[in-house]
Structures are given as C-alpha cells and as structure tokens.
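Take a walk through this structure, one stop at a time.

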Amino acid sequence: MPKKRIGEPIAVRRYGVDGQPDRQIVLVIGKPIASGAQDGDWCCPVLISGLGAEVFKWQEGVDALQALQLAQGFARQTLEASGLPITWAAGGEPGDLGLYRPIDSPFGLWFQRLAERAFDLAVEVVGRVIVEVSQQHPKVREQVKRARAQRE
C-alpha cells in the first residue's frame, strides 16, 4: 500500500455548511495508481478536510475505474455520516453532495439490470405524481420550481 498522500489530484470539490458561512469542506480525489501488489489491484486516494479531523483513505479496486468509483462512494458515505447540512452549489439544498449512488448488486448482472429498470420506472411514476400534485398545491409547485432552477 502506498504512503498517505494524494499524489496527483484529479478532482477537487469545495462544500459549504448551511448556517456556517465561513466553514468549508474540501474533497480531493487523487489519480488512481497501481498498488504494486501481485493481484494487480489499483488504489485511489481520497482526502476530506473540514469535517474536524482530516479523513484520508486509499480506496482499492480491481482496476483504476473501480477504485475511482469506490473512492467517490467512500466520499459520499463519509460526508453523509458527518450529519452536517453540507451544501454543494451556491444556494444548493443541504445534503445534495453531487455524489450519486450507483446501483450495484451482489446477485449478478441480471439483478442489477432489473433494479436499474425498477428505479427508472419509479422515477417516472413519482415524477408524474409530483407534476399532478404541484398543479393542485402551490407549496409543492414552488419546491418543484426551486429544484428545476438549481439544476439549470
């Protein structure tokens, strides 16, 4: 395992904390490197500062891409576990880290595809319900407008 260092940063994201305008949390993900182990695994360094104690971890994967994906998942879990109302974009919704959870499964590809399809259908159905409800309730309509504005 390499020493504790980021090496070459490939992604940096700065977060705020809702209600604490001077506080900043910084996520740095480094370039994946070959671990040097005989099994050929790769490691991707992750550094998070601003939560209190600095968090550093080498995230291992079978190749560079998996190590990078797992590093992003580790960052998401760590930031969410802090319990802080973390914001990403200016005026963003607390808790929206911009680090989205992939759908994976220990049951094989067939199950993963089924779960992905179920998720897509759920998003479609819930979207229709939100549109319908927003037409009847001004408060929901305002929340939908705010969410759309944040995405643009």
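The largest pocket is lined by Gln 66, Gln 69, Leu 70, Gln 72, Gly 73, Phe 74, Arg 76, Gln 77, Tyr 100, Arg 101, Pro 102 and Asp 104. This is a predicted model, where local features need pLDDT of at least 70 and side-chain atom pairs count only at pLDDT 80 or more, while totals for chains, interfaces and linings use all residues. Residues are numbered from 1 along each chain as its sequence is written, and side-chain values use heavy atoms, with hydrogens and water left out.

A pocket here is an open set of points on a 1 Å grid over the protein atoms alone, where a 1.4 Å probe fits, with protein on both sides within 12 Å along at least five of seven lines; lining residues have an atom within 4 Å of a point. The largest pocket holds about 460 Å³ of space. Its lining has four nonpolar, five polar and three charged residues.

Look at Leu 70 in that lining. Leu 70 belongs to helix 1, residues 64-81. Helices are DSSP runs of H or I with at least four residues, and strands are runs of E with at least two, numbered from the N terminus. Leu 70 is partly exposed, at 34% relative accessible area. Buried means under 20%, exposed over 50%, and partly exposed in between, with a 1.4 Å probe and protein chains only.

Arg 76 also lines the pocket. The side chain of Arg 76 meets that of Glu 80 in a salt bridge, 3.4 Å from N to O. A salt bridge is a side-chain nitrogen of Lys or Arg within 4 Å of a carboxyl oxygen of Asp or Glu. Both partners lie in helix 1, four residues apart, about one turn of the helix.

How many salt bridges does the structure hold? The count is four. Another joins Glu 124 and Arg 128, at 2.2 Å from N to O. These two are about one helical turn apart because four residues separate them in helix 2. Glu 8 and Lys 31 form one as well, at 3.9 Å. This pair links distant parts of the chain, 23 residues apart. Glu 8 sits in the segment before strand 1 (9-17), and Lys 31 in the loop between strand 2 (20-30) and strand 3 (33-34).

Finish at Phe 107, in the loop between strand 6 (86-87) and helix 2 (109-136). Phe 107 is exposed, with a relative accessible area of 54%.

Methods
Points joined across faces, edges and corners; volume = space filled by probe spheres on them. Nonpolar A, V, L, I, M, F, W, Y, C, P; charged D, E, K, R; others polar.
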